[in-house]
Structures are given as structure tokens and as C-alpha cells.
Amino acid sequence: MASVTPQSLQGGSSAAANLAAYAQLKARRKRRERAIEVGLLLAACVSVLTTLGIVYVLLRESLSFFSHVSIWSFLTDSQWTPLFADAHFGIWVLMSGTITSSAVALLIAIPLGTIIAVYLSEFAGFRARETLKPLLELLSGVPTIIYGYFALLFVTPLLQKIYPDLPGFNVLSAGIVMGIMIIPYVSSLSEDAMRAVPMSLREGSYAMGATRFQTASKVVVPAAFSGIASAYILGISRAVGETMILAVAAGMQPTLSFNPLEPAATITSYIVQVALGDLPHGSVGYQTIFAAGLSLMVLTLSFNLAGHWLRRRFREAY
Amino acid sequence: MPSQHDTAAIRALIRKHKRWDLIFGLLGLLSLGVGILTLAALFIDMAISGIPRLSAEFFTSFPSRRAAQAGILSAWVGSVLVMMVTALVAVPLGIAGAIYLEEYARKHWITDLIEINITNLAGVPSIIYGLLALGLFVYTFGLGQSILTAGLTLALLILPIVITTTREALRSIPQYIREGAYACGASRWQVVSQHLVPYSMPGILTGVIIGLSRAIGETAPIITIGALTFIAFLPPAPFTGTPPAGLFDWLMSPFTVMPIQIFNWTSRPDPSFHQNAAAASFVLVFMTLSMNGLAIWLRYRLRKNIKW
């Protein structure tokens, strides 16, 4: 800026000099703008680098893991004892824990979340919705470690009163608490999808003499199906990736079983268990957590892709 | 004309369907009740077992083998320091990235790639970020199990949240604000820095607070990088060491954070440690919920003052 003083603009020389000064100014401004744009682009690329970093780290460690253990035995072995002298690496043992706990959680979160979404979107008045929705969303704001504490020291003793043989660490109570934690993820997204259904569809339904429940179940829910489905998928991803509740309340015991009344280890809680001990960097035990992480990543990624596909396939255009 | 009989049948049908409305309404309230009762039970349980342990000493003592003398000093100091690093990294990067995507980016494959990436990253389980940090920050970059590693990990974790909320805030600014500024001869960066960023501050701030409140409660990634669970000393106070190298000693210090302290106490069999866990949980929930509350209030207050 300093070069363009009033003197340089008016002073002696000529209009050509003025123009030259302006051109110089403009070029400088353009350079600065360009530099800023590149800087901003680099900041935006951090997210891509994060993904690349995740893929790189998981693949690097998993590859050296799979040079010790064959993929076939990883997928078919029925025992998971990576730290024993007689080491077995059967990912299905951990997978069974993940599937059981997610199933319990989703059996709670999907029905309750859907009912709440329909209720808030179609039945509740404006004021009820505006107070109840934020209150419910607090559920997803509580740190998961605290849910772990709650599952272990409140829900399990409560369940033991009903079913005295329940062990102190079990998948059931962790799954239930996880399910309640996931409710807001399912209900908020489903409700948004239902509210996006145009009013004219509802009005048409009411004009035909349908009741609220008929309108909700036969018009609004089918019309919002793609949004509701992606809310379910998000819920599934959350359940599969949930860590602390299971690490605290489900007992970290690797057995190939789908019984929620027993303790179990999941992929995530196994990673926590290993990280808590001190395994030497570079050992096979250390590499197992990356192989477990890779399995988890593949699982959630396939759910996310399924969600994308569902949204595309069943999107209703109005 | 429908006969008397038909009318009665129709009325019965209507009554039947109206009954379903009522049943579903009750079901909806019941489901909401399950969620809200759980939240209430969680709070009451925590308050009953935790509040008797809350005293000044609890905040100023280190963890100890004796439950009655243990406190959360190293934990809350660690949490505050890690949050500082997280905020210092995630806020500028997140805002800059969002500005690029919303105001600069032309539609081409790089932008598409970044967009898809951000959506996918938001769905990656937090423990995977822990593995990323363990493999990359701890061992490949040699940062160790330090405050810096934890702060960077959590920053990457909340980056999608900051980017998404900032973009929404930028998008809600009407186009004529930009056009007006351009018409006065402003450059793109001048439009962004002097108009768009100040106007979208409420939205950005909300996103930052929500992101930080998520980060402060995250346990899994920090455990995964191998943070110690028993720390009975404080990291050196930030920016007090002998300059220039001493200023950043605190970044490389071992640490513990609130959620890890809670995890440690919860997983001990002795019930008197569970009381400590309840008290620390109470403090942590209070911190996260007041941050969430602040975000909601800010959004409400600042939005009211903006009239387009």
C-alpha cells in the first residue's frame, strides 16, 4: 500500500505511471489473496490427511501382524488368546462380543428412538418439542465413561435383583445403557427426516379422514424412510464403535458366545485392555490392536457406505 | 342417506382409530420417560454417592492409594492443559478449512474428496483416532505419551464438528452481504475476515464449545495412546520455563485427565474408590453440561441480536 501515496498518484510523471502503480498494487493484492487461499486449502486438507494417516497406520501395523498370523486363522480361529504362550488370534471371538452388545443396544435404541421421533414430530405440540428435545439430547452429551460407571454400579445391581445369577460384569447392562445413550442419535435424525416431509402430504392424509397415527405410520414414516434408515445406520456405527461402557461394565473376557448374560470382550474393549498394560512397541501383541482396529474400521465403513446407498436409493424427491 | 346402523358403525370405527392415537401418544411419552428417567437416575445416583466426597481437598490432592485422601488435582489440571492444546489446534484449522470449503472452493474433485472425507470422519469411532495417534504421533513422530499427543488427537477428533458448524454459520449469512462488500471493492479475504467471520461468530463459537465438551469427556483415544493412569505430580506450568526451549516443557509432560481418573477409580474393586469415581464424574458432567448449556445460551442470545 505504501507505494501509492497521493504524490505518486498525482505527482509529475503521467497517467501511465499511475496505472503502473495500480497494476503493481493489484498484483501484490492478488499474490496475497492467492497465498491466503492456499493456506486455507491446506487447512481443509488436514481432514484428508487424517484419513490417510488412519489408513496408513492401520495397514502398516496390520500387514506386519498378518505376516505372523495368517488371515485365514484370523477369520476362523475360535479362540482369542494373543498374550498366552499358546497364542490364538480368532477375531470372531471379539466380533461376537461386539455383535451381541450392539444387538442389545439397538433393540433398545431403534424402537424407542423411532417412537420418540414420531411422537415429537407428529404428536407433540411446539412447546413440548422445544423443551423435550434438548433435554433428550443431553443424553448424548454425557461422557461415555460415566455411562460405564452407571452401568457397572447402578444398572447391574438393579438387574441382579430381577435375575440374581447375573454376573457382576455382563453384556446386558452395558448394552442397555449403550442403547439409551444412542436414543438421541436415532431420534434426532429420524425426526429431522420426518419434519422435512412436506406439509401437503400430511394435509392430504388428514383430508381423507386419517387419524394422526394413520398419517404418521402410513404417510410420514414411509416418505421419510431414507432419512430414518440413515439414522439407524448412525446408531449402529455408534454402537459398534462404543468403547468405555463395554470396557468398564462388560468384563473384557474373550469368549466366543452370543449370550448377553455373560461377560465378553469386544473389539474396542480389547484395544483398551492392551493399551492399559505395557506391551513392547512392535511385538505381535502390540500389532493385534491395529488388526482389531482395522476390523472395526472395515465394519463401520461398510455401515456408512450402506447408509450412503440407502439415502441415494430411497430418497423421495418432492 | 346412511342408516342409523351405518352411522353407529362409522362412529365405532373412528373411536377405534382415535384410541390408537391415544395409545401411541402414551407410548411416545413413555419412551421419552425412559430416556429422561435414566438421565435423572444417573444424576441422582452420582450426586448421592459423590457429593459427600466433594471438598476443597478433593480438588487439591493427588491420587492416592488411600481412597479417602485421593483427589483430582493432576486430573483436572491435565484436562485443562489438553483442552488448551486441542482448542489452539482445532479452532484455527477448523475455521480455515470451513472458510475454504464454503467461500473459496470451486466444484472439483478435490473439494468433493474433502467433503466426503469430513462426513466419513465424523462416523469413525473415537478409539480409531487413538490408534492413529499411537502409531503416528507416539512412535513415528516420537512425541511420546504427552499432553501434546493427547491434545492433537482430540483436535483431529473434533475437527469435523468445528468445520460442519462453521460452514452452517457461514451459509446462513445472506448473499447480499458478500455482494455489498465486493461492490465496494473488497477482496475475497477482506470480505471473509471483516464481514463473514465476525457475523458467523455465534455459530462458530457454539461449534467450538460443543466440540470441546465432547473432547473433554473422551476416554478411549487417550487410553489408547497409553497415558498413565496414576500421576502424582503436575506438569510444569505453561510458558514459565527458561526460554526459549523451557517454554514448551509442559507440552511433552506425562499427564492424566479426568475421564482416565474416573476409569481408574471405577475399575478398582474397593467401593470407597467408587465414591471418588462418582465425585469426579459429578465434576466432569457438570463441566460438560455447563459447556453445552453455554453453547445453547450463546446461540440463543447472539442470534437474537443479528437482524439481516
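Which domains does the domain assignment of chain B give? The assignment, which is automatic or taken from a database, gives domain 1 (4–51) and domain 2 (54–305). The structure is a predicted model, in which local features need pLDDT of at least 70, side-chain atom pairs count only at pLDDT 80 or more, and totals for chains, interfaces and linings use all residues. Residues are numbered from 1 along each chain as its sequence is written, while chains are lettered from A and ligands numbered from 1 in the order in which they are written.

Between the C-alpha centres of domain 1 and domain 2 of chain B there is a separation of 39 Å. Domain 1 of chain B contributes 5 residues to the contact and domain 2 of chain B contributes 8, contact being defined by C-beta atoms, placed from the backbone, that lie within 7 Å. On the domain 1 side, 3 residues are nonpolar, 2 are polar and none is charged (nonpolar: Ala, Val, Leu, Ile, Met, Phe, Trp, Tyr, Cys and Pro; charged: Asp, Glu, Lys and Arg; polar: the others, Gly among them).

Across the two chains, 69 residues of chain A are in contact with 68 residues of chain B. Helix α2 (residues 15–66) of chain A supplies the largest share of the chain A side, 21 residues; helices are DSSP runs (H or I, at least four residues) numbered from the N terminus. The chain A side comprises 45 nonpolar, 18 polar and 6 charged residues.

Ala275(A) lies in helix α12 (residues 267–276) of chain A and touches Ile223(B), Thr224(B) and Gly226(B), residues up to four places away in sequence not being counted. Ala275(A) is buried because 24 other C-beta atoms lie within 10 Å, the cut-off for buried being 20 or more, with C-beta atoms placed from the backbone.

How values were computed
Helices (H or I, at least four residues) and strands (E, at least two) are DSSP runs, numbered from the N terminus. A residue is buried if 20 or more other C-beta atoms lie within 10 Å of its own, exposed if 12 or fewer, and partly exposed in between; C-beta atoms are placed from the backbone.
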